[in-house]
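Here are my notebook entries from an afternoon of looking things up.

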Amino acid sequence: MVTVGVQTWGSALPRLKEFWACAEEWGYHRITYGDGLWPWTHDGWTMLGALAVLTRRCRIGPAVTYCFGPSARHPSWLAKASVTVDHLSNGRLDVRLGIGAESRPVAVLWLSHGIDYPEAGRRVECLAEGIEVIKRLWAGGPVDFSGDFFSLKGATLEPRPIQAPPPIWVAAMGARALQITARWADGWEASYLTPAAFARKWAELQPLLEGAGREPGRMRRSVEVDVVIGRDAGAAEEARRRFCLGRGIPPDHPLLDTALVGEPGTVLRRIAEYEAAGVTDLMCAFTDFPGLEMLTSFAQEILPSLRR
């Protein structure tokens, strides 16, 4: 069965709290909140603390959080923050890590704060070290670690997480990032791929998992998708029109092929294609967020069919 989670972001707290409450009430499996220095978010890990105490059942986590250098999210601080949220949520945290976008504006934003934004290869290798540090700190006992990016000597972390340990997800698309995913991750996330493209990427990851001595079928596999849904043909077409207008794209743009677009029946068929391609989890970005119409429509029209 494919599970469905929702992505959230933003700084309008009353709207966020309402959205989180509705998502939990409707039975969505996971709620994430964006982390970073973006002008449209609060601090991600502070917000996850709030999300932890305002929900009771759903899994929670950052959309992704970066761990590619001591001045971004040092793995020791990230391990400590994640333990805190794991306790606040009574063991519902997923630690979802990213490598960072290949985007000049993103790099400029980080550098404007005096935070290094290394080239992609260095970020990937730094993430690999960071995951090892986090896992070893969670495991308990003094940690001695000497790497290219991080050094620890006799480091300990208390209290320990409730989960033993919290699952680590890695958002990965490139060859080296997939190798790190195969070695260290409990879950893998891809973004904005068609079902066919996802199947090809999953075919790349499977032999890497086998080479790491792991059973591919035990790896959770998520894809991030925009959701542009309407209850009938007219509503779906209007939602599609608004989405294209908001993104500044033509109505035949390839981005639409990576989204769940249309009436409930059309969306269900597309989800079936993703499941056949190997997807176990959907992370949905509802395009009327923080509105509740698409969240509610999806819950009423789509979720019951996925649970059968």
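Which residues does Ser82 touch, not counting residues up to four places away in sequence? I found Trp45, Leu93, Val95 and Trp138, where contact means heavy atoms within 4.5 Å.

A word on the ground rules first. I am working with a predicted model, in which local features need pLDDT of at least 70 and side-chain atom pairs count only at pLDDT 80 or more, while totals for chains, interfaces and linings use all residues. Residues are numbered from 1 along each chain as its sequence is written, and side-chain values use heavy atoms, with hydrogens and water left out.

**Entry: Ser82**

I placed Ser82 in helix α4 (residues 75-88); helices (H or I, at least four residues) and strands (E, at least two) are DSSP runs, numbered from the N terminus. Ser82 counts as buried because its relative accessibility is 1%; buried means under 20% relative accessible area, exposed over 50%, and partly exposed in between (1.4 Å probe, protein chains only). I also looked up where its side chain goes, and it reaches the backbone oxygen of Ala79 at 2.8 Å.

**Entry: Glu224**

Next I turned to Glu224, in strand β10 (residues 220-229). A salt bridge is a side-chain nitrogen of Lys or Arg within 4 Å of a carboxyl oxygen of Asp or Glu.

I did find a polar contact for Glu224: its side chain joins that of Ser191 at 2.6 Å. The term covers a pair of N or O atoms within 3.5 Å; within protein, one must be able to donate a hydrogen and the other to accept it, and residues adjacent in sequence count only if both atoms are side-chain atoms. Leaving aside neighbours within four places in sequence, the contacts of Glu224 are Gln7, Glu189, Ala190, Ser191, Tyr192 and Met283.

**Entry: salt bridges**

How many salt bridges does the structure hold? I noted 16.

Asp226, also in strand β10, pairs with Arg247 in helix α9 (residues 233-247), 21 residues apart. Their closest N and O atoms are 3.2 Å apart. Asp226 is buried at a relative accessible area of 2%, whereas Arg247 is partly exposed at 42%.

Glu102 and Arg123 form another bridge, with the closest N and O atoms 2.7 Å apart. This pair links distant parts of the chain: Glu102 sits in the loop between β5 (95-98) and α5 (104-112), and Arg123 in helix α6. Glu102 is exposed, with a relative accessible area of 65%, but Arg123 is buried at 1%.

Within helix α6 I checked Arg136 and Glu132, 4 residues apart, about one turn of the helix. Their side chains meet in a salt bridge of 3.9 Å, N to O. I also wrote down a network of salt bridges that links Arg30, Arg59, Asp94, Arg220 and Asp281.

**Entry: nonpolar core**

Which members of the largest nonpolar core touch the most other members? Of its 99 residues, they are Tyr28, Leu260, Leu282, Phe286 and Phe298. Helix α6 (residues 120-139) gives the most to this core, with 9 residues. Such a core is a set of buried Ala, Val, Leu, Ile, Met, Phe, Trp, Tyr and Cys residues joined through side-chain atoms within 4.5 Å. I looked up Phe298 in particular, and its contacts include Val4, Tyr28, Leu260, Cys284 and Phe286.

**Entry: aromatic pairs**

My search of the whole structure gave 14 aromatic pairs. Rings of Phe, Tyr and Trp (its six-membered ring) pair if their centres lie within 6.5 Å; planes under 30 degrees apart count as stacked, over 60 as edge-to-face and the rest as tilted.

Trp9 and Phe289 are tilted because their planes stand at 45 degrees, with the ring centres 4.4 Å apart. The two are 280 residues apart, Trp9 in the loop between β1 (3-8) and α1 (13-26), Phe289 in the loop between β12 (281-286) and α11 (293-301). Trp9 is partly exposed at 30%, and Phe289 is buried at 13%.

Trp20 and Tyr33 are edge-to-face, 6.4 Å centre to centre and 85 degrees between the planes. Trp20 lies in helix α1 and Tyr33 in strand β2 (residues 30-33), so the pair ties together parts 13 residues apart in sequence. Trp20 and Tyr33 are both buried.
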